[in-house]
Amino acid sequence: ARFQGEGLIMDLGEMAAADGFDTAEFYPEPMYHLTYDPEAGAPGEKLWGLPRDVSTFGLYLNLDLIAEAGADDPRVLAAEGAWDWAAFAEVSEQITALGGANKGYAMDGWWGPYGAFINAAGGSFFNEDRTECALDTPESIAGLEQATALYDAGVTVPYGEDAATPFKAGTVGMFQTGRWATPGMRSDNDFNWDVAPLPTGPGGTQGNWLFWGAYVVNANTEHPAESWQLVQDLTTAETQGAISELGANIPSRQSDAAIEAFLGFTPPENNQAFIDGLTD
């Protein structure tokens, strides 16, 4: 939005319309922003780029540690509709009870992970039209209190410390992060691992985020037609599939074919957890 406001990126809308390009093939959340008309205050005929990928949070699981603790498998609990905050806390406590450096849960110290707790409780950083802060609402406070309770119980890696390293070292049972962590997990982990969805909070959702980025075109390019063609080529189902197979990305195309292909890009085995996150 800042780049658009500064006049730095090209509106591709006219070229897309002339080509009959169908933006409905992409997830609607990023396309809301990429077709937004600032003058109209709503999506319109503008096209500021195409989304290269999407991602959501999941819980990367150390299956060996969970089994050693005798804890329920979060994947099974999720399939049974029993993966809520209470079950999540119980599994975290059981893993931590193994002693030593073992902890049940870890998340990195930025807005996304703790914001998911706020969202899952029915809260938000902002009010609906984003004109006021909403962190002081009862729902937002409930989400923050749930996250704080985990730290107070000692079942987590201390807040602000790196979470990926102890998980890869095999001392964390559940690590909350995005699909982008998969390549590192494939190369570094020497234990059995998989992914589960985030637990459902009292607001009735996981509180997940949809992360995405876009390919855009310089407003001053001397080659607008060629640049528009490149943006299309970079976001075809074939190109997205080749990139997604490497592990870090989920295709931004919402077709059944794209989702089916993504589900086969293993490990992890339970890629459905990320699709469930997209639905959430």
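Me: What is the order of the strands in the open sheet of 4 strands?
Reply: This is a predicted model: local features need pLDDT of at least 70, side-chain atom pairs count only at pLDDT 80 or more, and totals for chains, interfaces and linings use all residues. Residues are numbered from 1 along each chain as its sequence is written, and side-chain values use heavy atoms, without hydrogens and water. Strands are DSSP runs of E with at least two residues, helices are runs of H or I with at least four, both numbered from the N terminus, and two strands pair if DSSP finds at least two bridges between them. The pairing in this open sheet is mixed, and the order is S5-S6-S4-S7.

Me: Which strands stand at the edges of the sheet?
Reply: An edge strand here has a single partner strand, so one side of it is left without a neighbour in the sheet. That holds for S5 and for strand S7 (193–196).

Me: By how many degrees are neighbouring strands of this sheet turned against each other on average?
Reply: Axes are lines fitted to C-alpha atoms, for helices over the stretch in contact, and angles run from 0 to 180 degrees between N-to-C directions. For neighbouring strands of this sheet, direction is ignored, and the average turn is 25 degrees.

Me: In S7, which residue is the bridge partner of Leu59?
Reply: Strands pair through backbone hydrogen bonds, either parallel or antiparallel. S4 and S7 run antiparallel, joined by 4 bridges. The bridge partner of Leu59 in S7 is Ala196.

Me: Which helix packs on the sheet?
Reply: Contact means heavy atoms within 4.5 Å. The helix touches S4, S5 and strand S6 (172–178). Its direction makes about 120 degrees with that of S5, and its name is H6.

Me: Which residues does Phe88 touch?
Reply: Residues up to four places away in sequence are not counted. What remains is Leu59, Trp83, Tyr105, Phe117, Leu150, Met174 and Pro199.

Me: Is Arg130 buried or exposed, and what is its relative accessible area?
Reply: Buried means under 20% relative accessible area, exposed over 50%, and partly exposed in between, using a 1.4 Å probe and protein chains only. Arg130 lies in the loop between H7 and H8, and has a positive phi of about 60 degrees although it is not a glycine. Arg130 is exposed, at 64%.

Me: Which helix gives the most residues to the lining of the largest pocket?
Reply: On a 1 Å grid over the protein atoms alone, a cavity is a set of points where a 1.4 Å probe fits but cannot get out, a pocket is an open set with protein on both sides within 12 Å along at least five of seven lines, and lining residues have an atom within 4 Å of a point. The largest pocket has 22 lining residues, with His33, Arg130, Asn208, Trp209 and Leu210 nearest its centre. Helix H3 (28–34), H7 and helix H14 (272–279) each supply at least two residues of this lining. The helix that gives the most, with 4 residues, is H3.

Me: How much space lies in the largest cavity?
Reply: Grid points are joined across faces, edges and corners, and a volume is the space filled by probe spheres set on the points. The largest cavity is lined by residues including Trp85, Phe88, Phe117 and Gln206, and H7 supplies the largest share of that lining, 4 residues. The space in this cavity is about 60 Å³.

Me: Which residue does a cis peptide bond join to Thr266?
Reply: Most peptide bonds are trans. Here omega is about -5 degrees.
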